[in-house]
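Student: I would like to go through this model and ask what stands behind the terms used for it.
Tutor: Go ahead; each term can be set against its cut-off.

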Amino acid sequence: MITSLQNPLIKQMRKLQQVKHRRQQGKLLLEGTHLLQSASEQHWSFEIVCYTARWQAKYPQLWQQIQDHAARLEQVSPEVLQATATTVHPDGVVAVVSKPATTSLPIQTLGLALETIQDPGNLGTLIRTSVATQVEGLLLNQQCAALESPKVLRASAGAWFHLPKWATDTFITALQEYQRQGIQLIATVPDASQTFWQVDYRRPTLILIGNEGAGLSQPVLDLADHQVNIPIAPGVESLNAAIAAALLLYEVRRQRDGRPA
């Protein structure tokens, strides 16, 4: 059992609490039983798993699954486990996995594109909503919150592992390529002349959602095939980005399922 915070492995894992080290190493820090279970269900391989004796006794079935997919397993003291996690009260297990490299994102019928979504909680919720509404892929610009953020992973409630994602520094070029493939771009704009339910979403569609405060940039808006608004009561400035995306994505599902308005 590892009981010292000076252990080289523990020092290595603690570095991964910082985004710069996660990006440099291409790693993800998974904290908590639910995330490990979701990753295991998707057959992810764990490079390192640190766990407490109490956690091992509480989750024997998951423990067996993880043993088959882990390169290194280390029992640690509760104090060491606490030090490796970013959460205040970790539930007894923290793991490290490699983040897969992504250079493209095949979308045929439905995708979601995010521009400068900066709140990790919003991004995690958007990932969760995307999986719930059968989105095929999530496109992000590099100014969005980091996909590998532990806060994003937790907010996704395990959905992170079920959705293809691509954070690209050629966001505009990628949108143009989807258009060339016959995919319509739908932008949310407060003063648009048509409401979001007036668009035909039975066509291949990419929903565009912008920054929590500033919305979509003008270059992205200029690309959109349709600009739509979400009606809100007077005096309300705007909706949360994740709520706005959910409304449009569920309208897509309603139309494609043939349900009445």
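Tutor: The model is predicted. The buried residues of helix α9 pack against β5 (110–114), β6 (137–141), β7 (165–168), β8 (184–188), β10 (205–209) and α10 (218–223).

Student: Which residues of α9 are called buried, and why are they called that?

Tutor: In α9, residues 171–180, they are F171, A174, L175 and Y178. Buried means under 20% relative accessible area, so each of these four falls under that cut-off.

Student: What puts them on the same side of α9?

Tutor: Around the axis they cover an arc of only 100°, and therefore they share one side of the helix. Just after α9, G182 has a positive phi of about 90°.

Student: Why is a set of residues called a nonpolar core?

Tutor: Its members are buried residues of the listed nonpolar types, joined through side-chain atoms within 4.5 Å, and therefore they form one set. The largest such core has 51 residues, and L30, F46, L112, L114 and L123 have the most contacts inside it. Helix α11 (residues 241–256) gives the largest share of this core, seven residues. A second, separate core has 21 residues, including L105, Y178, A192 and L221. In soluble globular proteins, nonpolar side chains tend to be buried together.

Student: What makes a residue count as lining the largest pocket, and which lie nearest its centre?

Tutor: A lining residue has an atom within 4 Å of a pocket point, and 22 residues pass that test, so they are the lining. Nearest the centre lie T188, V189, P190, S238 and L239. The space in this pocket is about 520 Å³. By class, its lining has twelve nonpolar, eight polar and two charged residues.

Student: What is the lining of the second largest pocket by class?

Tutor: The second largest pocket is lined by 13 nonpolar, three polar and four charged residues. Lysine counts as charged, so K99 and K165, which lie nearest the centre along with P100, T102 and L147, belong to the charged class. Strand β7 gives the largest share of this lining, three residues. The volume of the second largest pocket is about 380 Å³.

Conventions
Residues are numbered from 1 along each chain as its sequence is written. This is a predicted model: local features need pLDDT of at least 70, side-chain atom pairs count only at pLDDT 80 or more; totals for chains, interfaces and linings use all residues. Side-chain values use heavy atoms; hydrogens and water are left out. Buried means under 20% relative accessible area, exposed over 50%, partly exposed in between (1.4 Å probe, protein chains only). Helices (H or I, at least four residues) and strands (E, at least two) are DSSP runs, numbered from the N terminus. The arc is that of the directions from the helix axis to the C-beta atoms. Contact means heavy atoms within 4.5 Å. On a 1 Å grid over the protein atoms alone, a cavity is a set of points where a 1.4 Å probe fits but cannot get out, and a pocket is an open set with protein on both sides within 12 Å along at least five of seven lines; lining residues have an atom within 4 Å of a point. Grid points are joined across faces, edges and corners, and a volume is the space filled by probe spheres set on the points.
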